[in-house]
Amino acid sequence: PEGTDEASEYDLDVDQLAALEAAPKTKKQLKRERKDEKKLVRSIQREKDASYRELAEREKRQKKLELTLAHLEMEKNLQKKGTKRKVLDGDNNRPPVYKWKRKRAK
């Protein structure tokens, strides 16, 4: 019927909902909840570990790209004119260091 304020059989008021939540739980229910919580914690930990792994891989790649860029810039500078001499040898972590002779400004 239209216009009536009757609640449907599926509606719960606040008191009924609170009573359901406060109802004592069986050992089986508690065990199941603990198991679900542990599962959730493991899942979150796995995702967190994967994120840190990805971050470490990205940082490693960034360092590798920076080193490659430094080597390429040095190669490009060596192609330029001028007298140069090697000051430090390069290794896997850095390019060699060169020093150019000063050129007189005219």
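**Figure 1. Salt bridges in the predicted model.** The protein holds three salt bridges, a salt bridge being a side-chain nitrogen of Lys or Arg within 4 Å of a carboxyl oxygen of Asp or Glu. Side chains of opposite charge can pair when their charged atoms come close. This is a predicted model, in which local features need pLDDT of at least 70 and side-chain atom pairs count only at pLDDT 80 or more, while totals for chains, interfaces and linings use all residues. Residues are numbered from 1 along each chain as its sequence is written, and side-chain values use heavy atoms, with hydrogens and water left out.

**Figure 2. The salt bridge between D36 and R32 in helix α2.** The closest N and O atoms of D36 and R32 are 3.7 Å apart. Both residues lie in helix α2, four residues apart, about one turn of the helix; helices (H or I, at least four residues) and strands (E, at least two) are DSSP runs, numbered from the N terminus. D36 has a relative accessible area of 36% and is therefore partly exposed. R32 is also partly exposed, at 48% relative accessibility. On this scale buried means under 20% relative accessible area, exposed means over 50%, and partly exposed lies in between (1.4 Å probe, protein chains only).

**Figure 3. The salt bridge between R58 and E54 in helix α2.** Here the N to O distance is 2.9 Å. R58 and E54 are four residues apart in helix α2, about one turn of the helix. R58 counts as exposed because its relative accessibility is 56%, whereas E54 is partly exposed with a relative accessible area of 41%.

**Figure 4. The salt bridge between K86 and D89.** The closest N and O atoms of this pair are 3.3 Å apart. K86 has a relative accessible area of 43%, so this residue is partly exposed. D89, at 53% relative accessibility, counts as exposed.

**Figure 5. A patch of positive charge on the surface.** K31, R34, K35, K38, K39, R42 and R46 gather in this patch. Patches are made of residues with over 30% relative accessible area and no salt bridge, with like charges joined within 9 Å and nonpolar side chains (Val, Leu, Ile, Met, Phe, Trp, Tyr) within 5 Å. Lys and Arg count as positive and Asp and Glu as negative; His and the chain ends are not counted. The place of a charge is taken as NZ of Lys, CZ of Arg, CG of Asp or CD of Glu. One of the patch residues, K39, is found in helix α2. K39 counts as exposed because its relative accessibility is 55%.

**Figure 6. A nonpolar surface patch made by V87, L88 and V97.** The patch covers about 220 Å²; accessible areas come from the Shrake-Rupley method with a 1.4 Å probe, and for residues only the protein chains shown count as cover. V97 is found in strand β2, which runs over residues 97–100. At 35% relative accessibility, V97 counts as partly exposed.

Figure 7. L67 touches N92, N93, R94 and P95, not counting residues up to four places away in sequence; a contact means heavy atoms within 4.5 Å. L67 and R94 are 27 residues apart in sequence, with their C-alpha atoms 6.4 Å apart in space. The C-alpha atoms of T68 and P95, also 27 residues apart along the chain, are separated by 8.7 Å. L67 has a relative accessible area of 22% and is therefore partly exposed. T68, at 39% relative accessibility, counts as partly exposed.

**Figure 8. The whole chain, for orientation.** The protein has two helices and two strands, in the order α-α-β-β along the sequence. Of its 106 residues, 3% count as buried. The accessible surface comes to about 11200 Å², and 52% of this area belongs to carbon and sulfur atoms. Among contacts between residues at least 6 apart in sequence, 23% join residues at least 24 apart.
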